[in-house]
Amino acid sequence: MISMSDNKKVLIVAYVFPPIPYAGTHRTVRLLRGMKDRNIRTQVLTIKTYDDIPNDNDLLKKIPDDVAVHRTPLID
């Protein structure tokens, strides 16, 4: 059994992530907050922001400070 004191890390791959204001964005942010409460270090792999995709930059404030976000170009 793994204790909470162990150094746990998680990589989340999410197409929809802040600042994109879709429903899936809010689910991922809640998941990140829950992992922070359990002392799990998280990183997110997502797409870069683009002008043709809606953006709500206020959503970026909801991401915990210790989450590393890696953005890649969108491939169609």
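This is a predicted model: local features need pLDDT of at least 70, side-chain atom pairs count only at pLDDT 80 or more; totals for chains, interfaces and linings use all residues.
Residues are numbered from 1 along each chain as its sequence is written. Local features need pLDDT of at least 70 and side-chain atom pairs count only at pLDDT 80 or more, while totals for chains, interfaces and linings use all residues.

Helices (H or I, at least four residues) and strands (E, at least two) are DSSP runs, numbered from the N terminus. Helix H1 covers residues 23–37 and spans 22 Å from its first C-alpha to its last, close to the expected 21 Å; the expected span is 1.5 Å times one less than the number of residues. Buried residues of H1 include Thr-25, Val-29 and Leu-32, where buried means under 20% relative accessible area, exposed over 50%, and partly exposed in between (1.4 Å probe, protein chains only). Strands E1 (8–13) and E2 (40–47) are among the elements that cover them.

Two strands pair if DSSP finds at least two bridges between them. The pairings are tabulated here.

| Strands | Sense | Bridges | Partners |
|---|---|---|---|
| E2 and E3 (residues 68–72) | parallel | five bridges | Ile-47 and Thr-72 |

Two loops hold the backbone features. In the loop between E1 and H1 lies Pro-19, and the peptide bond from Pro-18 to Pro-19 is cis, with omega near 15°. Asn-39 sits in the loop between H1 and E2; its phi is near 60°, a positive value in a residue other than glycine. Most residues other than glycine have a negative phi, and most peptide bonds are trans. Asn-39 is exposed, with a relative accessible area of 57%.

Note on methods: Side-chain values use heavy atoms; hydrogens and water are left out. Contact means heavy atoms within 4.5 Å.
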